[in-house]
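Please open the model in a viewer and keep the selection panel at hand. The stops below proceed from the sheet to the helices.

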Amino acid sequence: MSEPKRGRFITFEGGEGTGKSTQAHLLGVRLRAAGLDVIVTREPGGTRAGEKIRSILLDPGDDPIAFETEALLMSAARAEHVAKVIEPALARGEWVISDRYVDSTYAYQGGARGLSLTALRRIQSFATHDLMPDMTILLELAVKDGLERRNRLPTTTNRLDAEAVAFHERVRSEYDSLAKRDPERWFRVSATPTVEIIADQIWREFSRRFRDWLPAGATTSQAN
């Protein structure tokens, strides 16, 4: 028997309150409806160890940790995620959709925290064996609007949500720089319209890029 065709890896990025989790879920629903095997996952997290690290990183009640510690914990969770979830699924021919990946480290620990991007790239290369997404969807929203959305759900807010507005502006600026440097991988979409409109915009671009990978009939028509 021939080896299964390798799956595709899609990531969602963006600042707080942009709706990444919702859109990742909706894309997964559409792909499953098209008959594809899909895993929707998140970072930090996605594995038992990763979820424990997530609680250390994001719990608003914990003491502050050094920026370098934050970056290394994020990367440790990511290494586990790639080894235990992402890479095995891709090898089986499944599609993987992740809410955040390496670009979050560049935006938050690099752009916002001021850590060396050169050092962070080295660490990510080691943690992921240079695995990069086939497509990254950047949800864009004014910082104040995103934080207002997050504050409406106080039970889900985390330690990063509490950072100053200037911190989140630096995150947004770094995402802008990342997307401009690699436009073929990134797809930028406004997070201002309704959830349904955003999902349709993502699906149209997604199905255009992966037309040859999708089953017959699973085209842009499903976005209408």
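The tour now begins with the conventions and then turns to the sheet.

The model is predicted: local features require pLDDT of at least 70 and side-chain atom pairs pLDDT 80 or more, whereas totals for chains, interfaces and linings use all residues. Residues are numbered from 1 along each chain as its sequence is written, and side-chain values use heavy atoms, with hydrogens and water left out.

**The sheet.** Select the strands (E, at least two residues; these and the helices, H or I, at least four residues, are DSSP runs numbered from the N terminus). Five strands form an open sheet in the order β2-β3-β1-β4-β5, with parallel pairing; two strands pair if DSSP finds at least two bridges between them. Because β2 (38–42) and β5 are at the edges with a single partner strand each, one side of each has no neighbour in the sheet. From one strand to the next, the twist averages 20°.

**Strand β1.** Select residues 9–14 next. Six of the six residues of β1 are buried, that is, under 20% relative accessible area, with exposed meaning over 50% and partly exposed in between (1.4 Å probe, protein chains only). F9, T11 and E13 point one way, and I10, F12 and G14 the other. In a regular strand, side chains alternate between the two faces of the sheet.

Now centre on T11. Its bridge partner in β3 is S98, and in β4 it is T136. Four bridges join β1 to β3, and five join β1 to β4.

**Helix α4.** Select residues 102–112: this helix lies across β1, β4 and β5 and runs at about 20° to β1. Axes are lines fitted to C-alpha atoms, for helices over the stretch in contact (heavy atoms within 4.5 Å), and angles run from 0 to 180 degrees between N-to-C directions.

**Helix α8.** Select residues 195–209, a helix of 15 residues that reaches 21 Å from first C-alpha to last, close to the 21 Å expected at 1.5 Å a residue; the expected span is 1.5 Å times one less than the number of residues. Its buried residues include W203 and F206. Among the elements covering the buried residues of α8 are β1, α1 (20–33) and β3 (95–99).

**Helix α2.** Which residues of helix α2 (residues 48–58) are buried? They are G50, I53, R54, L57 and L58. These residues cover an arc of only 115° around the axis, which puts them on the same side of α2; the arc is that of the directions from the helix axis to the C-beta atoms. R48 and K52 are exposed on the other side. The buried residues of α2 pack against β2 and α3 (67–91).
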